Amino acid sequence: MAVNFKVVGVDKQIEANVLSFIGGKSYQCDALQSTITRQHKALKDQVKLAIQPFGYFNSSLTLKSNESNQCEPLIIDIDLGPETTLRVVDVRVLSPGDEAFDQVLKKHPMKIGQRLVQQQYEQLKSRLLELAMEKFYLDARFVEKKLNVFAEENAAEIKLIFDTGPRYRISEVKINTSQSFLDVALVNRLVAIEQNSYVTQSQLYKAKQKLNSYGYFQQVLFEVDEDKIIDGKVPLEITFSPAAKYDYSVGLGASTDRGGQASFKYNNYRVNSKGHQFSAQLNLSQVNNEFISDYKIPDKQQPANEWFNFKLGYRDQRTDNVESQTSKLGLSQTIIMNNRWQNINFIDVLHETFDTGVDQGESLLLVPGVSLSLTDADNLTRPNRGYKIQTEFKGASEDVFSDASFVQLTLFGKYIHTLGERNRMLYRARLGATASSDFDELPTTYRFFAGGDTSIRGYDFESISPLNDAGDTAGGKHLAVGSIEFEHQFAEQWAWAAFSDFGDSFSDSFDFKYSVGSGIRWFSPIGPIRVDVGVPLNQDQDDFRLHITIGPDL
């Protein structure tokens, strides 16, 4: 009959390794009962081999049967015996003063007097090789690698000497294209890898990802030609193939805030060889109909990190309480700093007619402003750790082609971290403040509203704000909203969430609104899809609202 084993006397890690060693073997219960059979001896040998990587070379064990059923299970009772400790640890890296290798040596846990754990030895070897490959030490090798165990003395000696050899530079960057579709000077500046410079594999990977994101290229291939090494330098060859010049898309959907939706989008990824791009989008819904067009011009000197946008848009928005028609012409400059910071300097010309039920108005504003944002995450699609902070300052003056004067500051922050193995915490906050000479003349575009999918769930879209004389929402001067959310992943692509949202849009007095709710998350191929039910806790009547949102966490 087949044998089931139970291991006792050791921790979970050793137990798992023992069961892994003997799991692929075929044993007979009767043969294991006798201490003189080959199977009995072979089982003991396998168990001892499974224990040795953890630093126990003089272990012993006994097999115990269950009286009622001899091998259901057969108990392996292990006595680990004395630890095998390290009495010599000689680990060195022969390198030209690279601090990265010094840090690896400082962090490795193998010290004289500690128990030998062979996994630590193997991990150190792998880490040294990985770091050498990452930093283009192409000749790196182990001059000596010895792990000697003296079982009778319960002692071990390690000697590990790693010679990195020289670090190689990129001698030249050779650009190959199947056809001439962009200016060579533009492509060279987009690549942004300098000749005769040190690079890492991670930097090359990020450069490739960034090149793929521009929309110019269908495929980007990087190849380091190690057969052409000369004087400590190696050439890098980059091959591009053009992406389709035009792109069209149609979308249909629904959301709780805007009802049924349809969208039509057109992209021209290469208007000319200078890399100019054009896009136009029409969005239709029960609440908001808008047309947006955008013309993008990369900067000549730093096209990868700086560009200009000309935007033209029209929006017709109709909520339960507010109607507005807005036309906007905008010019902006976007600057990326250190691949993390994004600075946008902009100036908008906005014309809006609005009706809040009591107040009606028409405004023309010239609105300059600046925004700054920072995003950092271990994974932008579904981060286990990450944050985003953003601030924007804008204003207008009656002395400069505007019907009203105002200044406005908004702040946004979101932070995500894990809580245990399958849980995450998500925190979100948005703050805004406005100073205006005549708030009644300020278009609704620059007033604050709260409530909805990305604000305070449980409340209707933009239903929270100060009320006018007719009892309708008119928009507030200030905004303070936040959220705390707990998420538990119960399957590979599914999670459950519980949340509380709170805050208010206000002009004079703050009226705290808050809600609680729960939802389901599906991590789809197009990004997380969230279905939430929110319940407001300070309304006179019981109510709830369904919310559906799609998009990345940050």
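Reply: Start with arginine 385. Arginine 385 is partly exposed, with a relative accessible area of 37%. Buried means under 20% relative accessible area, exposed means over 50%, and partly exposed lies in between (1.4 Å probe, protein chains only). This is a predicted model: local features need pLDDT of at least 70, side-chain atom pairs count only at pLDDT 80 or more, and totals for chains, interfaces and linings use all residues. Residues are numbered from 1 along each chain as its sequence is written, and side-chain values use heavy atoms, with hydrogens and water left out.

Now the partner. Arginine 385 forms a salt bridge with aspartate 376. A salt bridge is a side-chain nitrogen of Lys or Arg within 4 Å of a carboxyl oxygen of Asp or Glu. Here the closest N and O atoms are 3.1 Å apart. Aspartate 376 is partly exposed too, at 21% relative accessible area.

Next, take glutamate 392 and lysine 394. Their side chains meet in a salt bridge, 2.6 Å from N to O. Glutamate 392 has a relative accessible area of 22%, so it is partly exposed. Lysine 394 counts as buried, at 10%.

Arginine 545 sits in strand E25 (residues 545–550), while aspartate 460 is in the loop between strand E20 (423–436) and strand E21 (478–491). The pair therefore ties together parts that are 85 residues apart in sequence. Strands (E, at least two residues) are DSSP runs, numbered from the N terminus. Arginine 545 counts as buried, because its relative accessibility is 17%. Aspartate 460 is partly exposed, at 38%.

Salt bridges also link up into a network. Its members are Arg382, Arg424, Arg428, Arg457, Glu485, Glu487, Asp501, Arg521, Arg530, Asp532 and Asp553. In total, the structure holds 29 salt bridges.

For contrast, turn to some nonpolar side chains. Phe490, Trp494, Trp496, Ile520, Trp522, Val531, Val533, Phe544 and Leu546 form a nonpolar patch on the surface. Strands E22 (494–506), E23 (513–524) and E24 (527–536) each give two or more residues to this patch. Together the patch residues have about 810 Å² of accessible area, from the Shrake-Rupley method with a 1.4 Å probe. Patch residues have over 30% relative accessible area and no salt bridge, and nonpolar side chains (Val, Leu, Ile, Met, Phe, Trp, Tyr) are joined within 5 Å. Take valine 533, in strand E24. Valine 533 is partly exposed, at 34% relative accessibility.

Methods
Patch = residues over 30% accessible without salt bridge, like charges linked within 9 Å, V, L, I, M, F, W, Y side chains within 5 Å. Helix = DSSP H or I, 4+ residues; strand = E, 2+ residues; numbered from the N terminus.
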